[in-house]
Amino acid sequence: MQNDVYDYTNPAAGVQRSSVLRKTYGLLALSFIPCALGAFAAAAANFNIYAATGSRWMGFAIVLLFFYGMVFLIEKNRYSNTGAGLLMVFTFGMGGLISPLLQYGLGIPGGAGLVATAALMTASIFGIMSFAAHKANINTQSLGRFLTIGAVVLIIGMIANFFLNVPMFGLAVSGAFAIFSSLIIMWQTRVVIEGGEDSHISAALSIFIAIYNLFSSLLHILLSLAGSDE
């Protein structure tokens, strides 16, 4: 039997949902600390998974294995302290993976402004989507089905872009990811509010991935529009 972090059997459903949401935001904020540390560590070591493996395909396969393997392990331990610890490991790794993009952005003329703009836009969108989740009348089931289909389409688009490596197509995929990630933030927050998610670890994981993809997509778009895409 797993060692639950919190007792979800409290009969006060409204208090329980509020507690899950509060703990979700707390864990989400905490998760960005190892993410930042991972980015700094990768920068200090000049680490790039694609350069380290010497192959785009091998690097891509390792990234997918790490991503989906960690998501599986976190979800398997979604009610335990182990899950929270694995989430920190996951965010550290994701910080390391985004480090080359950040280094490139910060290394070009005006790049620091683009990175800051992407971060500000990400924070603003997160705030807007979170507010909308509390106030808007959302059919979470319909939106969830739409997002499931969208996820499949985006994965296909991402793989196709890896094959084609066409700048305009990559820009379109980044734009679609930005919209998709924004909707994920709103949907996941709303699901917690409605009591459809009782694990703050799962909710924090979902929202972290959405914020991560939103930021990286916006930064790709800004770099492309500035004529400095990697």
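I started with Ile193, which is partly exposed at a relative accessible area of 24%. My cut-offs were under 20% for buried, over 50% for exposed and in between for partly exposed, with a 1.4 Å probe and protein chains only. The model is predicted, so I took local features only at pLDDT of at least 70 and side-chain atom pairs only at pLDDT 80 or more, while totals for chains, interfaces and linings use all residues. Residues are numbered from 1 along each chain as its sequence is written, and side-chain values use heavy atoms, with hydrogens and water left out.

I placed Ile193 in helix α7. Helices here are DSSP runs of H or I with at least four residues, numbered from the N terminus. Which residues does Ile193 contact, leaving aside its neighbours within four places in sequence? I found Arg17, Leu21, Ala133 and His134. Contact means heavy atoms within 4.5 Å. I also checked the C-alpha atoms of Ile193 and Leu21, and they are separated by 7.0 Å. Along the chain the two residues are 172 residues apart.

**Salt bridges**

I counted a salt bridge when a side-chain nitrogen of Lys or Arg lies within 4 Å of a carboxyl oxygen of Asp or Glu. The count came to four. Glu194 pairs with Arg190, with the closest N and O atoms 3.1 Å apart. Glu194 is partly exposed at 38%, whereas Arg190 is buried at 16%.

I then looked at Arg78. Its bridge to Glu75 has the closest N and O atoms 3.2 Å apart. Arg78 also meets Asp198, at 3.8 Å from N to O. Where do Asp198 and Arg78 lie? Asp198 is in the loop between α7 (167-193) and α8 (200-225), and Arg78 is in the loop between α3 and α4 (81-107), so the pair ties together parts that are 120 residues apart in sequence.

**Helix α3 against α6**

I took α3 (residues 56-76) and α6 (residues 140-164) next. They pack at an angle of about 160°, with axes 11 Å apart. The axes are lines fitted to C-alpha atoms over the stretch in contact, and angles run from 0 to 180 degrees between N-to-C directions. The two helices are therefore roughly antiparallel. Angles under 35 degrees count as roughly parallel, over 145 as roughly antiparallel, 65 to 115 as roughly perpendicular and the rest as oblique. On the α3 side I noted Arg56, Trp57, Phe60 and Tyr68. On the α6 side I noted Ile155, Met158, Ile159, Phe162 and Phe163. By class, this contact has eight nonpolar, no polar and one charged residues. Ala, Val, Leu, Ile, Met, Phe, Trp, Tyr, Cys and Pro count as nonpolar, Asp, Glu, Lys and Arg as charged, and the others, Gly among them, as polar.

**Helix α5 against α8**

Helix α5 (residues 111-135) packs with α8 at about 140°, and the axes are 9 Å apart. That makes α5 oblique to α8. The α5 residues in the contact include Leu114, Met121 and Phe126. From α8 I noted several, among them Ile207, Phe215 and Leu223. The classes divide into 15 nonpolar, two polar and no charged.

**Asn46**

Is Asn46 buried or exposed? Asn46 is exposed, with a relative accessible area of 63%.
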